[in-house]
Protein chains: 2
Amino acid sequence: MDRVAIVGASMTQFGQREGWIRELLAEAGQDCLANAGVDGDDLEHLYVSNMASGEFEGQTGIANAVAHDLDALPAYTARIDQTSSSGGAGVYSAWQSVASGASDLTLLIGGEKMTHRSTAEATDVIASLTHPAEYKHGVTLPSFAGLTARRYLHEYDAPRESLAKVAVKNHKNGVDNPHAQFQKEVDLETVMESPIVADPLRLYDFCPITDGSAALLLCPESVADEYADEYAVISGIGGATDTHVVHEREDPTVMNGVVDSSAIAYEQAGLRPDDIDVAELHDMFTILEFLQSEGLGFFEQGEGWKAVEEGVTDRDGELPINTSGGLKSKGHPLGASGVAQVYEIYQQLTGAAGPRQVEADTGLACNVGGFGNCVITTIMEAGQ
Amino acid sequence: MDRVAIVGASMTQFGQREGWIRELLAEAGQDCLANAGVDGDDLEHLYVSNMASGEFEGQTGIANAVAHDLDALPAYTARIDQTSSSGGAGVYSAWQSVASGASDLTLLIGGEKMTHRSTAEATDVIASLTHPAEYKHGVTLPSFAGLTARRYLHEYDAPRESLAKVAVKNHKNGVDNPHAQFQKEVDLETVMESPIVADPLRLYDFCPITDGSAALLLCPESVADEYADEYAVISGIGGATDTHVVHEREDPTVMNGVVDSSAIAYEQAGLRPDDIDVAELHDMFTILEFLQSEGLGFFEQGEGWKAVEEGVTDRDGELPINTSGGLKSKGHPLGASGVAQVYEIYQQLTGAAGPRQVEADTGLACNVGGFGNCVITTIMEAGQ
């Protein structure tokens with residue numbers, strides 16, 4: 001079967017943005033089409049990854065609205081939602097649309113507009129994805145992160161500083177990402193002395209609230225060279241779900257969705273964890289970078305923290321993780337994040353990452369919904 | 001390529017229901033799995049079609065929640081939204097998941113919980129899918145229906161009674177559907193004398209506000225007989241978008257999304273309009289049944305009303321339309337409707353429609369989002 005190629009990618013400035021969600025979505029979409037020299041009405045399918053435009057802005061039907069704004073009629077449109085992994089779910093839907101033969105040219109745009117709402121309001125919308133039995137006792141996603149971090153540090157004898165070093169590394173990478181919300185370094189002391197949010201995690205262990213969007217253009221590999229000289233292929237992609245009630249999981253330091261989704265993706269790609277050259281992980285909270293790097297098989301369980309301590313995951317390390325700056329410094333506009341992860345891997349595989357460039361023929365993106373409730377793992381390779 | 005088969009289907013009682021959306025979704029899902037003798041953990045993908053659980057109920061992440069309720073872990077899950085055509089979009093996503101090889105067993109559940117909100121609140125959520133430039137002047141979906149109906153009656157010299165006869169026909173069909181919200185006949189006089197809502201349309205020209213859910217189980221045709229003796233195949237499916245701003249359309253009596261989506265579906269199936277034996281159309285407003293029956297090529301433009309007058313679309317007519325009772329009598333729980341349309345065609349093609357049974361080897365479902373903003377057409381044939 002023809003593989004699915006990514007022949008164009010874009011992302012907007014992440015941060016505090018003016019305007020409506022549909023304007024943000026159209027901005028990334030237009031950039032992506034322009035980069036590939038494609039008009040809106042060349043598209044056959046158009047997917048929008050977005051969690052909550054209705055809740056954040058009182059606007060629904062945004063896939064239809066954006067098709068209109070991009071002059072993409074009569075392309076088929078739909079919105080894909082899988083909470084904070086909506087972007088990865090959109091990548092999976094866009095992949096399926098091409099792999100099934102339903103579409104020969106699919107645009108995916110992921111985005112979210114959040115900063116016009118207060119932190120309390122945004123948290124309330126996000127917390128509505130958790131089980132009420134946990135939420136009504138005040139256990140929101142940051143609380144889960146704090147509890148899990150404490151367990152991890154205890155279980156694996158990891159120093160608190162190792163978590164802080166994730167933030168330091170990712171902020172350092174973000175300095176070279178012109179689209180990142182925070183393009184500034186932070187030092188270990190700043191992270192370790194920032195205000196406590198969910199003990200032991202502090203302010204700098206958390207990603208910010210962000211507006212932004214990102215887009216990808218996909219087609220069968222057999223026609224990829226019509227759109228781009230350099231392209232990437234999705235050689236493996238898988239999704240998996242974990243319990244909706246987080247406290248039902250046997251071992252809180254194991255992300256089953258990461259393990260299960262990546263097993264599908266590795267098998268499909270015919271690759272193993274040590275074949276991966278660069279990865280974008282969902283560091284909504286610093287602790288998640290450890291858990292994912294272990295769940296993906298990059299490191300043994302309980303050893304992810306050592307990789308950060310030893311610089312293995314630095315940009316010049318053996319396995320660079322979050323060269324984009326990660327959600328931590330780049331920001332986390334829910335529906336955009338999974339798309340922006342794939343954007344970064346695409347930049348790396350096509351040699352377009354500028355000062356962030358690393359040597360890579362294969363890359364992996366892991367997008368997490370909720371507190372690991374749903375996970376999509378995408379493996380990409382440079383086009384031949 | 002292996003075709004995609006539907007090997008199980010279910011729908012709940014439509015109407016005013018107690019409980020949460022996730023309970024409604026689980027009810028249809030459990031019934032569908034039980035009918036096919038499948039356990040939740042046999043599933044590879046699980047899609048939920050739903051427009052607005054966040055807005056209606058303050059609950060997001062429902063695909064993950066339902067996977068949990070059905071013991072479907074670690075199946076991949078996502079929510080598909082395309083406003084009132086979310087169900088059809090879900091059918092398309094479920095089809096793609098199997099056709100792409102990503103899943104060998106996919107469950108789709110569509111549902112909506114609406115009646116706990118006032119009509120004004122529900123209308124407000126639904127109207128948020130329209131363009132603000134129209135909505136803020138009070139032009140909601142019922143208004144478009146009234147304006148379009150008036151134009152249609154004028155343009156094609158159709159009698160007002162022909163619209164009422166759609167309601168009479170579909171209510172008559174609904175009497176034999178035990179899941180329908182209204183299982184009672186209405187006579188022409190009752191429709192014609194009901195209160196005006198959007199002149200010339202009256203109360204009985206509109207579908208009700210409804211709670212309910214429906215589900216489908218899909219797999220490659222090559223393994224269909226592992227799950228069911230009688231099954232149906234999706235032999236053609238297509239989606240298309242029309243303008244987001246309704247007043248930009250050249251001819252308000254033509255539904256471009258219907259024309260464009262059905263052209264894709266007919267071509268894929270290798271069938272023509274006169275090959276179709278039975279159809280479920282999206283009669284959210286009576287006028288839409290005329291427009292769709294013409295856009296699908298069943299009748300010439302401006303002639304759809306004559307077919308209803310002449311009984312062609314009656315259950316014992318040449319082309320029965322809405323044997324289920326349609327949205328008009330069955331109800332319209334947004335995310336469920338497109339799934340329930342396919343449920344009805346499945347019942348007809350597998351000979352399981354009981355008193356509603358017609359003679360049919362091929363069937364078609366046409367699900368409409370907004371006021372024709374997005375349309376999905378699905379053509380099905382009895383399995384061999």
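Me: Before I look at any pair, what counts as a salt bridge here?

Reply: A salt bridge is a side-chain nitrogen of Lys or Arg within 4 Å of a carboxyl oxygen of Asp or Glu. Side chains of opposite charge can pair when their charged atoms come close. In this predicted model, B:Glu27 and B:Arg17 form such a bridge through their side chains, at 2.7 Å from N to O. Because B:Glu27 sits in helix α1 (residues 21-36) of chain B while B:Arg17 sits in the loop between β1 (4-11) and α1, the pair ties together parts that are 10 residues apart in sequence.

Me: Which parts of chain A does the bridge between A:Arg315 and A:Asp176 tie together?

Reply: The side chains of A:Arg315 and A:Asp176 meet at 2.9 Å, N to O. A:Arg315 belongs to the loop between α12 (304-309) and α13 (326-330), and A:Asp176 to the loop between α8 (160-174) and α9 (188-192), so the bridge joins parts that are 139 residues apart in sequence. A:Arg315 is partly exposed at 25% relative accessibility, and A:Asp176 is likewise partly exposed, with a value of 25%.

Me: How many salt bridges does the whole structure hold?

Reply: Over all chains, a search finds 34 salt bridges; among them is the one between A:Glu303 and A:Lys306, at 3.4 Å from N to O.

Me: Where does A:Asp41 lie, and is A:Asp41 buried or exposed?

Reply: A:Asp41 lies in the loop between α1 (21-36) and β2 (45-49) of chain A, and since exposed means over 50% relative accessible area, its 52% relative accessibility makes A:Asp41 count as exposed. On the surface, A:Asp41 gathers with A:Asp39, A:Asp42 and A:Asp71 in a patch of negative charge.

How values were computed. Residues are numbered from 1 along each chain as its sequence is written. Chains are lettered from A and ligands numbered from 1 in the order in which they are written. This is a predicted model: local features need pLDDT of at least 70, side-chain atom pairs count only at pLDDT 80 or more; totals for chains, interfaces and linings use all residues. Side-chain values use heavy atoms; hydrogens and water are left out. Patches are made of residues with over 30% relative accessible area and no salt bridge: like charges are joined within 9 Å, nonpolar side chains (Val, Leu, Ile, Met, Phe, Trp, Tyr) within 5 Å. Accessible areas come from the Shrake-Rupley method with a 1.4 Å probe; for residues, only the protein chains shown count as cover. Lys and Arg count as positive and Asp and Glu as negative; His and the chain ends are not counted. The place of a charge is taken as NZ of Lys, CZ of Arg, CG of Asp or CD of Glu. Helices (H or I, at least four residues) and strands (E, at least two) are DSSP runs, numbered from the N terminus. Buried means under 20% relative accessible area, exposed over 50%, partly exposed in between (1.4 Å probe, protein chains only).
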